[in-house]
Amino acid sequence: MKIIYAFLLLLLPAAFISAGDDIDRTAQLIGSANIEELSKDFAPSVDLTIMDNENQASAAMAKNILADFFEKNQPRSMRILHRITSSDKFHYGVILITTEQSVYRVAFTLKNNNGRFQLTE
C-alpha cells in the first residue's frame, strides 16, 4: 500500500507541470518570434490587439500581422509574469518581451478545443 501512495505522490507534481506546458511553449514561441510554429496553434479566428489596433483575424491574417510586428520589434528576452492553468477550458498567460525599442506586455488566451489548446487571443 505504501508503494501505491509513493507512486501517486511522484505523479502528482507531473500533473501540475504538464498543465503549464502550453503556457511555456506559447511564451517561448512568442519570445523567440517563431510565428511559423506559433501559428500552428491558432484557432480559426484570433483576436489581436497590438498597441491600440484591435482586430479579429483569420489564422492566416493573424500570422501575417504578428510576422510584421516581430519584423519591426525583434525580441531580445522574454519573461513569464503570470499564468492561469486551473481551468480545463482555458489557460491564460502574461509575458514581458524586451526588444531594442521597448518592453511589451503580452497577454494570451488558449482555449480547449476537443482536448487541444488553441491560441484565441
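Trainee: Where is D41 found?
Mentor: D41 lies in the loop between helix 3 (35-38) and strand 1 (45-50). Helices (H or I, at least four residues) and strands (E, at least two) are DSSP runs, numbered from the N terminus. This is a predicted model, in which local features need pLDDT of at least 70 and side-chain atom pairs count only at pLDDT 80 or more, while totals for chains, interfaces and linings use all residues. Residues are numbered from 1 along each chain as its sequence is written, and side-chain values use heavy atoms, with hydrogens and water left out.

Trainee: Is D41 buried or exposed?
Mentor: D41 counts as buried, at 15% relative accessibility. Buried means under 20% relative accessible area, exposed over 50%, and partly exposed in between (1.4 Å probe, protein chains only).

Trainee: And which side chain does the side chain of D41 make a polar contact with?
Mentor: That of R25, at 2.3 Å. A polar contact is a pair of N or O atoms within 3.5 Å; within protein, one must be able to donate a hydrogen and the other to accept it, and residues adjacent in sequence count only if both atoms are side-chain atoms. Leaving aside neighbours within four places in sequence, D41 is in contact (heavy atoms within 4.5 Å) with R25, L29, R116, F117, Q118 and L119.

Trainee: Changing topic: in what order do the strands of the open sheet run?
Mentor: The order is 3-4-5-6, with antiparallel pairing. Strand 3 (75-84) and strand 6 (116-119) are the edge strands, each pairing on one side only. Two strands pair if DSSP finds at least two bridges between them.

Trainee: Over how many bridges do strand 4 and strand 5 pair?
Mentor: Strand 4 (residues 90-99) and strand 5 (residues 103-113) pair over 9 bridges. V94 stands opposite A107 in strand 5.

Trainee: What about T99, buried or exposed?
Mentor: T99, in strand 4, is buried, with a relative accessible area of 5%. Its side chain reaches the backbone nitrogen of Q101 at 3.3 Å.

Trainee: Last one: how many residues has the largest nonpolar core?
Mentor: It has 23 residues, and those with the most contacts inside it include L38, F42 and F108. A nonpolar core is a set of buried Ala, Val, Leu, Ile, Met, Phe, Trp, Tyr and Cys residues joined through side-chain atoms within 4.5 Å. Among the elements giving two or more residues to this core are helix 2, helix 4 (59-72) and strand 6. L38 touches T26, L29, I30, L66 and L119, not counting residues up to four places away in sequence.
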